[in-house]
Amino acid sequence: MAENLESLERLVGELKRLPGIGSRTAERLAYHLLRASEADALALAEAIRDIKRNMRYCRECFNLTEEELCAVCRDTRRDRSVICVVEQPKDAWALERTGNYSGLYHVLLGRLAPLDDMGPADLTVDDLVRRVMSGGVKEVVIATNPNLEGDGTAAFIKEKLAGSPVKISRIARGIPAGSSIEYANNNILQDALAERREMQ
Ligand SMILES: [Zn+2]
């Protein structure tokens with residue numbers, strides 16, 4: 001009689017659904033977890049459970065938070081007339097680390113990337129338009145990454161906001177082309193923000 005491997009097959013199946021994990025890697029990870037101590041394996045399960053229970057996207061800006069609104073949106077001292085648009089929460093954190101930006105953020109949760117099948121509907125652009133149209137915003141600073149897809153996303157956003165009276169600027173090219181905001185150092189990010197230019 002064949003051994004029942006249902007639990008193992010279920011874990012392999014779940015791991016295979018993760019991005020970048022093929023069948024062989026999924027199997028390797030599953031066998032690794034099988035050999036690991038119960039405490040180690042369950043620590044992973046608990047971390048997954050906690051992120052789903054505790055973390056969510058900010059109702060306003062889509063940054064990651066454990067509350068309804070993120071710490072930036074909750075902070076009444078922030079300048080609500082400027083919104084800095086970034087691709088991912090980690091980009092907002094990188095800009096936040098410079099300590100030089102006092103406006104709000106808007107996290108797109110991606111970029112336009114036809115090759116990866118990421119289109120406008122996968123981003124939070126409509127929510128950005130709604131925020132801008134609801135008034136009080138004077139400038140939108142687009143801080144998508146300085147590469148083809150980031151530039152394309154910036155152009156798309158500018159088009160979506162055409163007709164609104166807000167100034168739309170793009171961060172300066174201090175960040176090496178093809179590099180990313182996430183890994184740029186504080187000085188470069190400060191300069192990129194300070195030297196932003198209005199998009200034509
Ligand atoms: Zn927020």
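Visitor: In β4, which residue is the bridge partner of Cys 84?
Guide: The partner of Cys 84 in β4 is Tyr 105. Ile 83 also has a bridge partner in β4, namely Leu 104. This is a predicted model, in which local features need pLDDT of at least 70 and side-chain atom pairs count only at pLDDT 80 or more, while totals for chains, interfaces and linings use all residues. Residues are numbered from 1 along each chain as its sequence is written, and side-chain values use heavy atoms, with hydrogens and water left out.

Visitor: What makes β3 and β4 a pair?
Guide: Two strands (DSSP runs of E, at least two residues) pair if DSSP finds at least two bridges between them. Strand β3 (residues 79-86) and β4 (residues 103-107) have five bridges, in the parallel sense, so they meet the definition. Strand β5 (residues 139-142) also runs parallel to β3, with four bridges. There Cys 84 stands opposite Val 141.

Visitor: Why are β4 and β7 said to stand at the edges?
Guide: The open sheet of five strands has the order β4-β3-β5-β6-β7, with mixed pairing. β4 and β7 (197-198) each have a single partner strand, so one side of each has no neighbour in the sheet.

Visitor: Why is β3 described as largely enclosed?
Guide: Six of its eight residues are buried, so the rest of the structure largely encloses β3. Buried means under 20% relative accessible area, exposed over 50%, and partly exposed in between (1.4 Å probe, protein chains only).

Visitor: Why does Pro 165 count as exposed?
Guide: Its relative accessibility is 83%, and the cut-off is the one just given for exposed; therefore Pro 165 counts as exposed. Pro 165 sits in the loop between α7 (148-160) and β6 (167-170). From Asp 91 it is 74 residues away in sequence and 26 Å away in space, C-alpha to C-alpha.

Visitor: How do you know which residues are the protein donors of the zinc ion?
Guide: Donors are N, O and S atoms within 2.8 Å of the metal (3.2 Å for Na, K and Ca); water is not among the atoms, so sites may look incomplete. The SG atoms of Cys 58, Cys 61, Cys 70 and Cys 73 lie 2.2 to 2.4 Å from the zinc ion, so they qualify. In sequence these donor residues are spaced C-x2-C-x8-C-x2-C. Cys 70 and Cys 73 are buried.

Visitor: Why is the arrangement around the zinc ion called tetrahedral?
Guide: Four donors count as tetrahedral if all angles lie between 85 and 135 degrees. Here the four donor atoms subtend angles of 104 to 118°, so the arrangement is tetrahedral.

Key. Four donors count as tetrahedral if all angles lie between 85 and 135 degrees; four count as square planar and six as octahedral if opposite donors are over 155 degrees apart and all others between 65 and 115; anything else is irregular.
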